[in-house]
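Subject: A structure for you to look at

Hi,

Here is the structure I promised to hand over. Please open it first, then read my notes beside it.

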Amino acid sequence: MRILGQLGAVKAIMDGTAPIKMSKVHRSDGKLVMPSALTFPILNTRLKDNMLPNKTVSRIDQTDSGVILHFQDGSSYHGDVVVGCDDVNSKASTRSEMCRLASEKDPDHFLTWKQKIMSAEFNCLFRISDPVHGLIEETVDTVFDNGRSMLVITGKHGRVFWFYHEKLDKVYYTDAEDFPRCSQADAGKLAHKNAWRPITETVTVGDIWEKRVTYTLVPLEEALFDA
């Protein structure tokens, strides 16, 4: 929030959010919820040329004055620090570049690190839906079941943010040939298979899926990296 405050974006972002007033998971911090689609234009008007959407990092170089990010389109950008928020399976993972840079500075730093320690035991079907009849604005609904769970957050104007987690048939390792690579078709099959499952007394997974705006199915990678 301090950084957003420096950009003068806090009020505009807060105006697009709603505090959680009721939760079945006993949340007491009133977490704010808003769609990223609203955050982007707010920040874009303040960051202007410093916001570079639709860029794919190909390489990161560290210099005496900071870092240089090189993109696949041939452009580059100089900054002070890099914060990696890209997916672990992205084609140009910031995490991989961090490992490379660390190894160049200290070859023994990741000597015992193996890619196989990253694994996935659950997958997650998630994203955003338009308002769903029966879901209450500013409410969190959490469902726990054997081998699966679901978190549904209904924000301002009824926009629904949902996460469906399901246990895989085994633990998969990211360097294995059989590590799951999920397609949109896989997401649809999982959603239709579980459409009957209740979220509340009147709302099912199918109701949220029918109102979907965007959706993604991914295996949830987990790892513990020693410092």
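**Where S119 sits**

S119 touches V171, Y172, Y173, T174, L220, E221 and E222, leaving aside residues up to four places away in sequence. Bear in mind that this is a predicted model. S119 belongs to strand β7. Its relative accessible area is 15%, and buried means under 20%, so S119 is buried.

**The end of the chain**

Now look at A223. A223 lies in the segment after β11 (212–222). A223 and I117 are 106 residues apart in sequence, yet 6.1 Å apart in space, C-alpha to C-alpha. A223 touches I117 and M118, not counting residues up to four places away in sequence. A223 has a relative accessible area of 35% and is partly exposed.

**The cores**

Which residues have the most contacts inside the largest nonpolar core? They are L125, M150, V152, W162, I199 and I208. This core has 18 residues. The elements that give two or more residues to it are β9 (148–154), β10, α5 (184–193) and α6 (205–210). Another core lies apart from it, with 6 residues, among them I60, V67, F71 and L101.

Go back to I208 for a moment. Beyond four places in sequence, I208 touches S129, V132, L135, M150, V152, V160, W162, I199 and V203.

D141 and V152 are 11 residues apart in sequence and 5.1 Å apart in space, C-alpha to C-alpha. D141 is in strand β8 (residues 139–145). Is D141 buried or exposed? Its relative accessibility is 4%, so D141 counts as buried.

**A buried glutamate**

Next, E166. Strand β10 (residues 160–173) holds E166. At 10% relative accessibility, E166 counts as buried. What does its side chain meet? The side chain of E166 makes a polar contact with the side chain of Y164, at 2.7 Å. E166 also touches F122, N123, G147, R148, L190 and N194, not counting residues up to four places away in sequence.

**Aromatic rings**

How many aromatic pairs does the structure hold? It holds 3. One of them is F126 with F163, and this pair is stacked. The rings are 6.0 Å apart centre to centre, with 5 degrees between the planes. This pair links distant parts of the chain: F126 is in strand β7 (residues 119–129), F163 is in strand β10, and they are 37 residues apart. F126 is buried at 18% relative accessibility. F163 is partly exposed, with a relative accessible area of 27%.

W209 and Y215 also form an aromatic pair, and this one is edge-to-face. Here the centres are 4.7 Å apart and the planes are 65 degrees apart. W209 counts as buried at 6% relative accessibility. Y215 counts as partly exposed at 21%. Together, W162, W209 and Y215 form one aromatic cluster.

**Cysteines**

A disulfide is a covalent bond between the sulfur atoms of two cysteines. How many disulfides does a search of the whole structure find? The search finds 0. Two cysteines are still worth a look. C124 counts as buried, at 4% relative accessibility. C182 counts as partly exposed, at 30%.

**Helix α4**

Helix α4 (residues 94–105) has 12 residues. What span should α4 have at 1.5 Å a residue? It should span 16 Å. The end C-alpha atoms of α4 are 17 Å apart, which agrees. The buried residues of α4 are T94, R95, E97, C99 and L101. These buried residues pack against β4 (57–63).

Start with S119, then work down the list.

Best wishes

How values were computed
Residues are numbered from 1 along each chain as its sequence is written. This is a predicted model: local features need pLDDT of at least 70, side-chain atom pairs count only at pLDDT 80 or more; totals for chains, interfaces and linings use all residues. Side-chain values use heavy atoms; hydrogens and water are left out. Helices (H or I, at least four residues) and strands (E, at least two) are DSSP runs, numbered from the N terminus. Buried means under 20% relative accessible area, exposed over 50%, partly exposed in between (1.4 Å probe, protein chains only). A polar contact is a pair of N or O atoms within 3.5 Å; within protein, one must be able to donate a hydrogen and the other to accept it, and residues adjacent in sequence count only if both atoms are side-chain atoms. Contact means heavy atoms within 4.5 Å. A nonpolar core is a set of buried Ala, Val, Leu, Ile, Met, Phe, Trp, Tyr and Cys residues joined through side-chain atoms within 4.5 Å. Rings of Phe, Tyr and Trp (its six-membered ring) pair if their centres lie within 6.5 Å; planes under 30 degrees apart count as stacked, over 60 as edge-to-face and the rest as tilted. A disulfide is a pair of cysteine sulfur atoms within 2.5 Å. The expected span of a helix is 1.5 Å times one less than its number of residues.
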